[in-house]
Amino acid sequence: METNNTEKLENLELDKDLKRKEDILKLNENIRSNNFDRLKDRVAFILSYFPQSRNSDAELAWNYWKYFEHEILGDGELTKDKLFKLTKQTSLSRARAKIQNEYRLFQADPEVKKFRRKLREEFETDNVNDKPLDDNFFVYVDESGKTNDYLIIGSIWLFSFGPSLRQKQKELFDWKKLNDIRFEFHFKDLKTNNLDRYKQFVEKFIGLNPEISFKAIVLKRKGVSDNDRALEDLTTHLLYEGVLQEHNSNRAKLPRNLTLTIDREEDGRDKLKLANIKERIRSQKINGLHLLNFVAEDSFGNEYIQMADLLTASLNRIVNFPQNTGAKDEFARYLLSLLKVDVESFKDDNYNDVLNEADTAKIFNLN
């Protein structure tokens, strides 16, 4: 009898685990396809693309209202009448708790988790008006060249994340579905038989996002004893100079929030790296720059991380392997041509001279 009960409990646990996995797959698929019929799909989208919302239910509510209920929120002034029409904060909080606690997705920082375990039912409504700035830098960064002559950091910069961007994501998803594309776009997987698809993807991505900024920084590796530290330095330098470039060009004036996302590699190493970069940016005391979440995310279903990978790896081919002529090299030249970058600038003697000047690194605005 006891054995039968144990087997029943085990079967129930297996069924529960299977249901959880099915729910996670459906949630991810709905986010990627912009199918937001369910509240938890919309909340998951906010948690995915606004990392600061994972740590604060006030942030979650504000971003949810601004993104999905902007017709009600209007100019952003929160009134009593609007509060009655907007989705209740407690409903958003419950959906967030299910996604983070049951599905183990879009996790909060460890110290926030501890706080929530103590105050599970308490919601910080008094912090709703203490919202961050309305304008943003969303930066996606990747790195390359650790074993080559030059170290490279590539990045893409978004300046807004509103409903129009969601429509672009849906169009990109529909394009992939129409063309039966079931794979992620990673440079390492690029081959002759899928070269045309990769070209079509970046052409579609850039066509849908003409306002996105592409930036890169390159450093000659000779004399560098610690690659990880050098890449950390380069990322910090790129962020610092990139923010100032955008501000001084009047394209993206401060004040703004800054959110950084990198491709996940090793959790411990990623967290230390991001914490160091964030602290060093903070120490620069850039007036009007508000630092939000610096996070490492899986590239699955995230075309922005994939695009940062394609950009960085393409630069790596041009800078470190200028004489190669394979499918990856053809793609690299094609991508840079779409960005109107002269690849010759990465091969001549003047380029090498520039890299040996005082600061030994050069930042490129690629569009």
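**Close-up views of a predicted model**

Of the 367 residues of the protein chain, 50% count as buried. This is a predicted model, and its chain is built with 14 helices and 6 strands. Among contacts between residues at least 6 apart in sequence, 70% join residues at least 24 apart. The views below visit some of these places one by one.

View 1. Let us begin with the scores. The protein chain averages a pLDDT of 82, and 81% of the residues score at least 70. Confidence is highest in helix α9 (residues 195-208), at a mean of 95. The lowest mean, 38, belongs to helix α14 (residues 349-355).

**View 2. Helices α2 and α3 pack against each other.** Helix α2 spans residues 39-49 and helix α3 spans residues 57-68; their axes are 10 Å apart and meet at an angle of about 110°. Because angles of 65 to 115 degrees count as roughly perpendicular, α2 is roughly perpendicular to α3. From α2, the contact is made by Leu39, Arg42, Val43, Phe45, Ile46 and Leu47. From α3, Leu60, Asn63, Tyr64, Tyr67 and Phe68 take part. Sorted by kind, the residues of this contact divide into 9 nonpolar, 1 polar and 1 charged.

**View 3. Ser48, a buried residue of helix α2.** Stay with α2 and look for Ser48, which lies in this helix. Its relative accessible area is 19%, and Ser48 is therefore counted as buried, since the cut-off is under 20%. Leaving aside neighbours within four places in sequence, Ser48 is in contact with Arg54 and Phe106.

View 4. Arg166 sits in helix α8 (residues 163-178). Is Arg166 buried, exposed or partly exposed? At 23% relative accessibility, Arg166 counts as partly exposed. Beyond its neighbours within four places in sequence, Arg166 is in contact with Asn34, Phe36, Phe45, Tyr67 and Phe68. Among them, Phe45, Tyr67 and Phe68 also take part in the contact of α2 with α3. Arg166 and Ile31 are 135 residues apart in sequence, yet their C-alpha atoms are 10.0 Å apart in space.

**View 5. Ile156 and the largest nonpolar core.** Which residues touch the most other members of the largest nonpolar core? They are Ile156 and Phe205, in a core of 67 residues. Helix α12 (residues 303-320) supplies the largest share of this core, 10 residues. Not counting residues up to four places away in sequence, Ile156 touches Phe138, Val139, Tyr140, Phe205, Ile212, Ser213, Phe214, Tyr304, Met307 and Leu311. Another core, of 28 residues, lies apart from this one, and its members include Phe137, Leu258, Ile262 and Leu291.

**View 6. Leu239, buried in helix α10.** Leu239 is found in helix α10 (residues 227-248). With a relative accessible area of 1%, Leu239 is buried. Beyond four places in sequence, the contacts of Leu239 are Val139, Trp157, Leu260, Ile277, Ile281 and Phe294.

View 7. Most residues other than glycine have a negative phi, and most peptide bonds are trans. With that in mind, what is the peptide bond from Leu254 to Pro255, cis or trans? The bond is cis, with omega near 10°. Pro255 has its place in the loop between α10 and β4 (256-263). Asn250 belongs to the loop between α10 and β4 as well, and its phi is near 70°, a positive value in a residue other than glycine. Asn250 is exposed, with a relative accessible area of 55%. The other loop joins α11 (267-283) and β5 (289-297), and Lys285 is placed there. Lys285 has a positive phi of about 50° although it is not a glycine. At 72% relative accessibility, Lys285 counts as exposed.

Key:
Residues are numbered from 1 along each chain as its sequence is written. This is a predicted model: local features need pLDDT of at least 70, side-chain atom pairs count only at pLDDT 80 or more; totals for chains, interfaces and linings use all residues. Side-chain values use heavy atoms; hydrogens and water are left out. Axes are lines fitted to C-alpha atoms, for helices over the stretch in contact, and angles run from 0 to 180 degrees between N-to-C directions. Helices (H or I, at least four residues) and strands (E, at least two) are DSSP runs, numbered from the N terminus. Angles under 35 degrees count as roughly parallel, over 145 as roughly antiparallel, 65 to 115 as roughly perpendicular and the rest as oblique. Contact means heavy atoms within 4.5 Å. Ala, Val, Leu, Ile, Met, Phe, Trp, Tyr, Cys and Pro count as nonpolar, Asp, Glu, Lys and Arg as charged, and the others, Gly among them, as polar. Buried means under 20% relative accessible area, exposed over 50%, partly exposed in between (1.4 Å probe, protein chains only). pLDDT is the predictor's confidence in each residue, from 0 to 100. A nonpolar core is a set of buried Ala, Val, Leu, Ile, Met, Phe, Trp, Tyr and Cys residues joined through side-chain atoms within 4.5 Å.
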